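Thanks for coming. Please look at the model on the screen, and I will talk through a few parts of it.

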Amino acid sequence: MKTVMTIVPFSSKLLLMFEPPTGLLVPLLDAPHLALPLDAVKVSAGFPSPAADYEDKRLDINEYLIRNPVSTFFFPVQGESMQGAEIFDGDILVVDRSIRARHGHVVVAFVNGERLVKRLYRRAGRVALMAENPSYPALEVEEGMEVEIWGVVVGKFKRLVA
Amino acid sequence: MSVFALVDCNNFYASCEKLFNPKLKKLPVVVLSNNDGCVVARSAEVKALGIPMGVPWFQIQAEARRYGIVAFSSNYALYADMSNRVVEVLSGFSPNIEVYSIDESFLNLAGFERQGYASYGMEIRQRVADWIGLAVCVGIGRTKTLAKLANHCAKKNLAGADGVCDFTVMCGEDLTALFSKIEVGEIWGVGRKIEARLNEAGIKTVRELRDADAETIRSRFSVVLERTVRELRGVSCLKLEDAIPDKQQIMSSRSFSALLYDLADLEEAVASYIAKAAEKLRAQDSLAGTVQVHIRTNVFKPEVPQYQPAITVPLPDASSDTRILTYWALRALRRIYRPGYGYHKAGVTLMNIVPKAKQQLSLFATERASNPGSEKLMETIDLINQRFGRGALRLAAEGIDQSWQMRRGNLSPAYTTSWEGLAVVRAR
């Protein structure tokens, strides 16, 4: 039986996160971690590895894309209207609800019963959901329209080889 | 002084369904129990229609058509993930938290007074709404019983504001007036039967129970109810139960989509319930010493012949190997099965559960009992199933098409736990 240990960067209690709405530093919940078998690295009794003191943990793509796992959700994209923002058909969006949507953010919005990805425009009293493709018109948000900004798109990913 | 909060998700299952499906925004939504039988969750719109909890779905077909009620099968994968997310957010507000049910948690707020507990409650409510997209109500009180009652008041808008109700800032007269309006049956731990007995004894409201003589309550009812009385008075008797102890029994039981008559079908069902239970057993690093199997005909149809046997089998050696547990469970099933009955439900219970580290081998321990290969195999099966979905790799005894599986005809996708279930956004 292999013993498995969990490697957490520093102490999970020490990891702090900047929390946008309040501007406070708060402990990061669910610090990214990677489980490795304890005996994965063989220790030899001979000459010590010159790299031993420089060993780093392997890169984790979750860590790169996701700052706040608990409020992060994925949505695949269908359509061409956001190509200008480098969002293509089949991309999977990383959407973080803990970020307050501001002017210029790419957002997932629920509009009249549809899930859409758009760029949020909010300047000088005008609120609109913009496409990033000249062949798609902007969607002006007017009084009485059912629009819910669901979350802010913080990244995207796609696997190219099956 | 102790302070507790009870945080409870509003219409949890129905809200989860609405969160990912914009078409449901203002529609009345219900979630149905296993086999799409009864209404187990209702959206606010459905509650407003006066449709009661627990009503069989087929009985409200007329209303469903008239008001366009949308029904979903229970999407446990979705609800469990959303529940875990809520708990994770709540853990950021207090180091002491007790997950009481899938949609309710107690928090110990002692030491978090800052600008007042109510504003802390508002912060909790806002964070869960922002981060997870679910609405919660927060009840705050000096005891768990009071926190639960405060939550009821917040939800029903009897006291407090904006879904937060803090009893700790209400004066004695206000609380007494409030408690005079609430029926005693709303108190945590006072079930239907106790409520009826209390009513007979002239205790109809929360206030009357709070002011009842504790000794009398103890002698005429129980120590448990006496504790409730003390808790209502603000004396904290119940602590948070932080760590969930390992289960002493693991049960897996379901009703079938249709009555089963053949032994072969029952065998598949029992084998698959064993597989589920054994997976849980291994997840808590334990072994089971005893397997119990039960099968039953439909007790709700007294006009058909009834048969509800159960059998308990002590194993030669405690085990967590699905193959061994299945072997004994199927032997047990063949012993109790009688042809000619229509079986409605089957279940297995793993008992005499011991931690793997404390395994006691029998004097004539078979080689299988401590077989390291078995452990490795089970570990591998669990890993594969975690990655490719439950039942991806299973014993042939569980069957291929599993036509007895419960009906979940209106199941929404697993929006957060499966790549296939992700909700598509349109770029148009």
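In helix α1 of chain B, the buried residues are Phe12(B), Tyr13(B), Ala14(B), Ser15(B), Cys16(B), Glu17(B), Lys18(B), Leu19(B) and Phe20(B). Buried here means that 20 or more other C-beta atoms, placed from the backbone, lie within 10 Å of the residue's own; 12 or fewer counts as exposed, and anything in between as partly exposed. Nine of the nine residues of α1(B) are buried, so the helix is largely enclosed by the rest of the structure. Helices and strands are DSSP runs, H or I over at least four residues and E over at least two, numbered from the N terminus.

A word on what you are seeing: this is a predicted model, with local features needing pLDDT of at least 70 and side-chain atom pairs pLDDT 80 or more, while totals for chains, interfaces and linings use all residues. Residues are numbered from 1 along each chain as its sequence is written, and chains are lettered from A and ligands numbered from 1 in the order in which they are written.

What do the buried residues of α1(B) pack against? They pack against β1 (4–9), β2 (29–32), β3 (39–42), β4 (70–73) and α4 of chain B. Contact means C-beta atoms, placed from the backbone, within 7 Å.

Take α4(B), residues 76–91: α1(B), residues 12–20, packs with it at an angle of about 95°, and the axes are 10 Å apart. The axes are lines fitted to C-alpha atoms, for helices over the stretch in contact, and angles run from 0 to 180 degrees between N-to-C directions. The two helices are therefore roughly perpendicular, a label for 65 to 115 degrees. On the α1(B) side, Phe12(B), Tyr13(B) and Cys16(B) make the contact; on the α4(B) side, Leu78(B), Tyr79(B) and Met82(B) do.

Now chain A. Chain A has one helix and 11 strands. Of its 162 residues, 22% count as buried.

How many residues does each chain give to the contact between A and B? Chain A gives 29 and chain B gives 21. On the chain A side, β5 (72–79), β7 (106–111) and β8 (114–123) each supply at least two residues. The largest share, seven residues, comes from β5(A).

β5(A) also pairs with strand β13 of chain B, residues 425–427, in the parallel sense over three bridges; pairing requires at least two bridges found by DSSP. There, Gln78(A) stands opposite Arg426(B).

Note on methods
Parallel < 35°, antiparallel > 145°, perpendicular 65-115°, else oblique. Contact = placed C-beta atoms within 7 Å.
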